[in-house]
Amino acid sequence: MRFVALGDSLTEGVGDRVGDGWRGWAALLAEGLGRSGAPADFRNLAVSGALSGDVAEHQTPEALACRPDVASVLVGVNDTLRRTFDIAALTRRLDAVCEQLTAAGAVVLTACLPDPGSMLALPAPLARPLARRQRAVNAVVHAVSARYGAVHLHAADAAWAADRAMWSADRLHPSERGHRTIALRFHELLAQRGLAHGPAPSLTPDQPAPTRADTALWLATAGTGWVARRCTDLLPQLLRLAGSEVRHWARGTSPRLDRSAEHALSAALAAVSLDAPLARMGE
């Protein structure tokens, strides 16, 4: 069994530290895919900060060269955190990636994810634009997954996002328990298709869950750098988007913003001949 993982920091394993590096859900899943207790032949191509364009242009050719039986494609959150966010471009890229992997004989794994605004508990005018973007990304993932028969994991539900034990100190990446949960849920879905033959990943963490002190320390150290990097790219546009949210709210015209996002989503799906009813905003 050859398993290749594509994506960003979520799949790289950030939040699940083992020794001096990251392990993550994909590595945990790989241990339970092979027959007779032998782990899968696993390659992790995911890179922290990767955008959908990085996955399409750089990771996919390398993944195809590995001739995978299973390939995971979890990407899109970083796209929502960029001023260059373009749902049409993301749709084309994700559709092309899944088409190439499926045509090469791989079973594709996908997931819808919580929006970063809610995870970081941002004020409503800042959180709503990010939520709208992530809902659109998730809708695209739903539609593309249906087209290519992907093994799709619903990981955007409120219970998952609200469970503090599932998230690391930065509130953006899963904790060890969160990574183990993703691995277990994918293992269950793959077992239903006869593709997971080894033992299911354990939910019992090796490390203690992050404390409030851990969160405060992250915000005071690494979190400061993260915010500074995003300020130069996303923050100016996000402030403009927040201003638009406030103006529409004051005028009672907030639904216009949702309709505009829905129209952009429908156009993006139509451009690659995907049916909009397969994926609705908020699904």
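Tutor: Here is a conversation about some of the terms used for this structure, which is a predicted model.

Student: What is the secondary structure of the protein made of?

Tutor: It comes to 13 helices and 7 strands. Of the 283 residues, 50% count as buried. Among contacts between residues at least 6 apart in sequence, 75% join residues at least 24 apart.

Student: Which values describe how two helices pack?

Tutor: Two packed helices are described by the angle between their axes and the distance between the axes.

Student: Then why is α7 called roughly parallel to α13?

Tutor: The axes of α7 and α13 (residues 255-271) come within 10 Å and cross at roughly 30°. Angles under 35 degrees count as roughly parallel, so α7 is roughly parallel to α13. The crossing of this pair is right-handed.

Student: Which residues meet there?

Tutor: From α7 come R132, R135, A136, A139, V140 and A143, and they meet L257, D258, A261, L265 and L269 in α13. By class, this contact has 8 nonpolar, no polar and 3 charged residues.

Student: What makes α5 roughly parallel to α7?

Tutor: Helix α5 (residues 87-103) packs with α7 at an angle of about 25°, and their axes are 10 Å apart. With the limit for roughly parallel at under 35 degrees, α5 is therefore roughly parallel to α7. Here too there is a handedness to note: α5 passes α7 in a right-handed crossing.

Student: Which residues of the two helices are in contact?

Tutor: On the α5 side they are I87, L90, T91, L94, D95, C98, E99 and T102. Their partners in α7 are A136, V137, V140, V141, V144, R147 and Y148. By class, the contact has 10 nonpolar, 2 polar and 3 charged residues.

Student: Let's move to helix α9. Why does H179 count as buried?

Tutor: H179 is found in α9, which spans residues 176-192. Its relative accessibility is 0%, and buried means under 20%, so H179 counts as buried. Not counting residues up to four places away in sequence, H179 touches L10, G13, V14, G15, D16, G24, W25, L28 and P174.

Student: How do you know that L184 is buried?

Tutor: L184 also has its place in α9. Its relative accessible area is 16%; the limit is under 20%, so L184 is buried. Beyond neighbours within four places in sequence, L184 is in contact with A200, P201 and L203. The C-alpha atoms of L184 and W25 are separated by 8.4 Å, although the two residues are 159 apart along the chain.

Student: Now for R67 in its loop. Is R67 buried or exposed, and what makes it so?

Tutor: R67 lies in the loop between α3 (52-65) and β5 (70-74). Its relative accessibility is 56%, and exposed means over 50%, so R67 counts as exposed. R67 has a positive phi of about 50° although it is not a glycine.

Student: And why is S273 called exposed?

Tutor: S273 lies in the segment after α13. Its relative accessible area is 60%, over the 50% limit, so S273 is exposed. The phi of S273 is near 60°, a positive value in a residue other than glycine.

Notes
Residues are numbered from 1 along each chain as its sequence is written. This is a predicted model: local features need pLDDT of at least 70, side-chain atom pairs count only at pLDDT 80 or more; totals for chains, interfaces and linings use all residues. Side-chain values use heavy atoms; hydrogens and water are left out. Axes are lines fitted to C-alpha atoms, for helices over the stretch in contact, and angles run from 0 to 180 degrees between N-to-C directions. Helices (H or I, at least four residues) and strands (E, at least two) are DSSP runs, numbered from the N terminus. Angles under 35 degrees count as roughly parallel, over 145 as roughly antiparallel, 65 to 115 as roughly perpendicular and the rest as oblique. A crossing is left-handed if the near helix is turned anticlockwise from the far one by less than a right angle, and right-handed if clockwise. Contact means heavy atoms within 4.5 Å. Ala, Val, Leu, Ile, Met, Phe, Trp, Tyr, Cys and Pro count as nonpolar, Asp, Glu, Lys and Arg as charged, and the others, Gly among them, as polar. Buried means under 20% relative accessible area, exposed over 50%, partly exposed in between (1.4 Å probe, protein chains only).
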